[in-house]
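Please keep the sequence and the structure in view while reading.

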Amino acid sequence: MASVTRSVFGDLPGGAGTVEKFHLQSDQLRMEIISLGCTITALEVKDRDGKFSDVVLGFAELEGYLKKHPYFGAVVGRVANRIAKGTFTIEGKEYKLAINNGPNSLHGGLKGFDKVLWTPQVLPNGIQFSRISPDGEEGYPGQLKVWVTYTLDGGQLIVNYKAQTSSTTPVSLTNHSYFNLAGHGSPNIYDHEVCIDAEAFLPVDDNLITTGKMESVQGTAFDLRKPVELGKHIEKFHINGFDHNFCLKDTKEKHFCARVYHPRTGRKLEVYTTQPGVQFYTANFLDGTLKGKGGAVYPKHSGFCLETQSWPDAVNKPHFPRVLLRPGEEYNHTTWFNFSVA
């Protein structure tokens with residue numbers, strides 16, 4: 001069983017509401033989540049000596065989350081990742097979204113799901129957040145009812161996303177936590193061993209938009225089917241890091257996604273999901289200017305994200321797995337983060 005306690009984290013400016021913090025604890029994990037953006041602000045995991053360390057990047061105070069930051073720990077939506085030129089057409093009608101990432105719309109727009117207050121409900125072993133995204137919010141069609149549930153079970157964090165819509169709309173929800181299994185504030189992730197169970201990945205253009213092609217990982221930097229040590233791998237292939245979608249099994253059943261192991265501490269993270277893709281991101285845009293918890297500095301490559309989701313820009317690429325949700329249907333996806341030591 002997990003215990004759940006709640007406290008006040010801070011007040012939004014202009015009387016816009018109170019942000020609450022929830023502390024979830026099992027025998028193996030300690031976790032803090034705030035009601036702003038359903039954001040994971042801390043996640044403490046044991047190493048092989050039984051010592052807890054916080055393995056997610058983030059801020060100690062609300063102020064850090066109100067300033068511009070790269071989605072640390074937040075739920076992003078209505079559509080995670082990039083939509084080309086912030087536009088798409090459904091049933092002959094063109095929709096224009098807020099442009100917030102070069103020429104594209106990223107992670108829901110200017111005020112996506114990460115920047116709004118959610119309504120919390122404490123559960124016996126976790127917390128459920130809900131909100132109603134109004135018709136037209138950030139340019140998206142249809143009123144969308146959304147529920148995000150975090151539960152702890154031993155060394156397992158389970159995140160479930162559900163949504164229902166009044167009009168046909170694209171939906172793709174994920175959590176944007178940045179992990180460092182050595183502990184947040186460690187200078188890089190080069191000593192992490194990474195494995196992703198994908199035969200194919202999606203190449204991107206200069207604006208980081210998927211080209212529409214699927215390419216085999218065979219013989220490329222994207223072949224992570226067997227574990228690679230990240231620093232050596234990045235060096236070997238002369239790449240800037242990863243910010244790419246890996247194509248998983250297109251099944252609604254739970255399937256293995258990725259494994260990350262940190263040899264020095266023994267910490268291991270295994271990710272399972274019902275989603276068809278995972279965006280593997282190695283924090284290429286962090287530059288050390290953000291001050292995190294405990295005065296930590298977060299330079300480039302000081303964390304990694306495994307954002308389970310639909311394939312990026314799928315709303316404009318009909319041959320990609322379906323991203324449209326219609327009235328009467330339910331969006332329902334789950335991702336499991338299993339922490340252990342080896």
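## The second largest pocket

Which residues lie nearest the centre of the second largest pocket? They are Lys252, Arg322, Leu324, Tyr331 and His333, out of 18 residues that line the second largest pocket. A pocket here is an open set of points on a 1 Å grid over the protein atoms alone, where a 1.4 Å probe fits and protein lies on both sides within 12 Å along at least five of seven lines, and a lining residue has an atom within 4 Å of a point. The volume of the second largest pocket is about 300 Å³, a volume being the space filled by probe spheres set on the points, which are joined across faces, edges and corners.

Strands are DSSP runs of E with at least two residues, helices are runs of H or I with at least four, and both are numbered from the N terminus. By class, the lining comprises seven nonpolar, six polar and five charged residues, where Ala, Val, Leu, Ile, Met, Phe, Trp, Tyr, Cys and Pro count as nonpolar, Asp, Glu, Lys and Arg as charged, and the others, Gly among them, as polar.

## Basis of the model

The model is predicted, and local features need pLDDT of at least 70, while side-chain atom pairs count only at pLDDT 80 or more and totals for chains, interfaces and linings use all residues. Residues are numbered from 1 along each chain as its sequence is written, and side-chain values use heavy atoms, with hydrogens and water left out.

## The largest pocket

The largest pocket holds about 730 Å³ of space. Its lining consists of 32 residues, and those nearest the centre are Lys68, His69, Pro70, Tyr71 and Leu106. Both α1 (62-66) and β24 supply at least two residues of this lining, which divides into 14 nonpolar, 10 polar and eight charged residues.

## Cysteines without disulfides

The structure holds zero disulfides, a disulfide being a pair of cysteine sulfur atoms within 2.5 Å.

## Backbone exceptions

Most residues other than glycine have a negative phi, and most peptide bonds are trans. The bond from glycine 77 to arginine 78 is cis, with omega near 15°, and arginine 78 sits in the loop between β6 (75-76) and β7 (82-83).

Histidine 107 has a positive phi near 50° and lies in the loop between β10 (105-106) and β11 (119-123), where its 4% relative accessibility makes it buried. Histidine 301 has a positive phi of about 65°, belongs to the loop between β24 (277-281) and β25 (305-309), and is buried at 5%.

## Arginine 131

Arginine 131 is part of strand β12 (residues 126-133) and counts as buried at 13% relative accessibility. Its side chain makes a polar contact of 2.9 Å with that of glutamate 137; such a contact is a pair of N or O atoms within 3.5 Å, and within protein one must be able to donate a hydrogen and the other to accept it, with residues adjacent in sequence counting only if both atoms are side-chain atoms.

Key: Buried means under 20% relative accessible area, exposed over 50%, partly exposed in between (1.4 Å probe, protein chains only).
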